[in-house]
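Here's a quick briefing to read with the model open beside you.

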Amino acid sequence: MDGPREYSYRADELISRDIEAYLARHRHKSLLRFITCGSVDDGKSTLIGRLLYDSRMIFEDQLAELAADSRRVGTQGQNIDFALVVDGLAAEREQGITIDVAYRFFATDKRKFIVADTPGHEQYTRNMVTGASTADLAVILTDARKGVLTQTRRHSYLAHLIGIRNLVLAVNKMDLIGYDPAKYEAIVADYRRFAESIGVQAFTPIPISGFLGDNITTRSTNMPWYTGPVLMEHLENVDVDVTAAQGRPFRLPVQWVNRPNLDFRGFSGLIAAGTLRQGDAVRVLPSGKTTRVTRIVTLGADLQQAVAGQSVTLCFADEVDCSRGDVIARADEPPQVADQFEATLVWMADEPLLPGRAYWLKLATQTVSATIQIPKYQVNVNTLEHLAAKTLELNAIGVCNLSTDRPLIFEPYEENPALGGFILIDKLSNATVAAGMLHFALRRSQNVHWQALDISRGKHADMKNQRPAVLWFTGLSGAGKSTIANLVEKKLVRMNRHTFLLDGDNVRHGLNKDLGFTDADRVENIRRVGEVAKLMTDAGLIVITAFISPFRAERKMVREMMAAGEFFEIHIDTPLADAEARDVKGLYKKARSGQLKNFTGIDSPYEPPENPEIRIDTTHMSPEEAADLIVEKLVP
């Protein structure tokens, strides 16, 4: 007869088997990533809290804490405020709003979910874009009392723009309009007209009450007239084509060169699209070199085949130059390579876009310097009208041309989001300022090529028996830049040096005659001068420039145009009071009286250099002494 200990062993074994079976089922469930979005106070956080509660994903201790928090800072009286489940920041709870993107995981018997609760306030639209970037489905909420609002349209437009094709229109707070079917149908009809205008082919409308749980996980008895699916039923059964990316041509952006020892070299990354088999021919871009795959290495074991979504390390049959930022592709179906594009931008920074300024553009594992042109137009999300615009403000959506400093491996966003979606990063603050989607390469990027020349820049310099350089004078108006620059050139000419002086006022009589003094025009002014200075250094000249050049970003941009060691930033450091006291041209007087707008130091900022090669303190040094010091630094 079996004893108690044997029964215990059997029970443990059964429990272990049950756990393993459960984990196996859970491991093979499909995953749906979705966001909730819409206007402020439409009930997004409450809906997610209700989903987690009805899915039994809130533990007893969490529920007790939620009940206590609801009584203390909730908005539902003595009832549980489900919004507090995801509104975790103190500022969110104090104001009753969502600020940051909150992610929550939950699961049912059919599927696993990751939901992102995104903020409804217009000022936090950039956070909504962040949450939507990885989503398969968007639940767009609208308050049944208010109908379709501007943010409802904005979030719907962005979700469609980013590529989310599964949309749910959740008409929330039906309890507050007495579950009126006529009002519900009017809202759905209004939204359908807008959705069709932006190209949304289909969406699923569901009347709900996130607070009371109507049509969330179970069918509501308060709305017998509604015969469609409840929200959870739709989320569990919506078709998400996880294999679509596998059917595209193979693409792997290289993240890392894996070199643990002398006998192994592999190229690691996440497969963005397609399927790869051992022995397949591949092409490495941008070099265009071809080879064959000898191994597909993973942590567990080598694979015979790998598909989109897997992280792998590839080994090649040949020694091919391949590094981070390169893209490995099918040999007979490579992606495009170009350096000029049309793109849609969603501007996410408080400071507006400055056309002509160089930003870092990060696409997959590639990082390049990109210059944005004046927008072709800005989109009005209410009317979809194309508006004329010279810049983009916070949360604005516009279409622009952009150029990069070197070729970019890409595919249109609609075909491959992994190689078509990018972010723009401010070079000084390292803040993300925009998200973008590439449409196509401009034709001129394919038709304009560098012409090989027999006489090199080195030969030009040798003929003049000098090393090319750019002496970049920067400082406030009236600091003495032009005076000192002129003295420097005279001294260099006496030493038989070949020079050319580009003066800020002089170039505005010709090359930059069309530019004003707005921030955007100042950026373009310096960009053009930088390009001219680069051509002159190619000719072997010592170029002297005298420009206020108020922004560090543009001075850095010009520095990056030049060969290493050829750019000398010279800060003519004169206090504002001293510069204004000189006021040779009377400009400060006009600026102070309001007759002259956007004047540097008065109503437009000047960003002094942080680490200039030469700093001239004009309060302790005469122009002649300053010129001698600069020449001595340049020609020891």
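How many bridges join strand S11 to S15, and do they run parallel or antiparallel? There are 4 bridges between S11 (residues 281-285) and S15, and the two strands run antiparallel. Keep in mind that this is a predicted model, where local features need pLDDT of at least 70, side-chain atom pairs count only at pLDDT 80 or more, and totals for chains, interfaces and linings use all residues. Residues are numbered from 1 along each chain as its sequence is written, and side-chain values use heavy atoms, with hydrogens and water left out.

**The sheet**
- Strands here are DSSP runs (E, at least two residues), numbered from the N terminus.
- An open, antiparallel sheet is built from 7 strands in the order S7-S15-S11-S12-S14-S9-S8, where pairing takes at least two DSSP bridges between two strands.
- S7 (251-253) and S8 (256-261) sit at the edges, each pairing on one side only.
- Leucine 285 has valine 327 in S15 as its bridge partner.

**Around valine 320**
- You'll find valine 320 in the loop between S14 (311-316) and S15 (327-330).
- Valine 320 counts as buried because its relative accessibility is 14% (buried is under 20% relative accessible area, with a 1.4 Å probe and protein chains only).
- Beyond its neighbours within four places in sequence, valine 320 contacts (heavy atoms within 4.5 Å) Phe267, Val284, Lys289, Thr290 and Thr291.

**Cysteines**
- Cysteine 315 is buried at 6% relative accessibility, and cysteine 322 is buried with a relative accessible area of 6%.
- The whole structure has 0 disulfides (cysteine sulfur atoms within 2.5 Å).

Notes. Buried means under 20% relative accessible area, exposed over 50%, partly exposed in between (1.4 Å probe, protein chains only).
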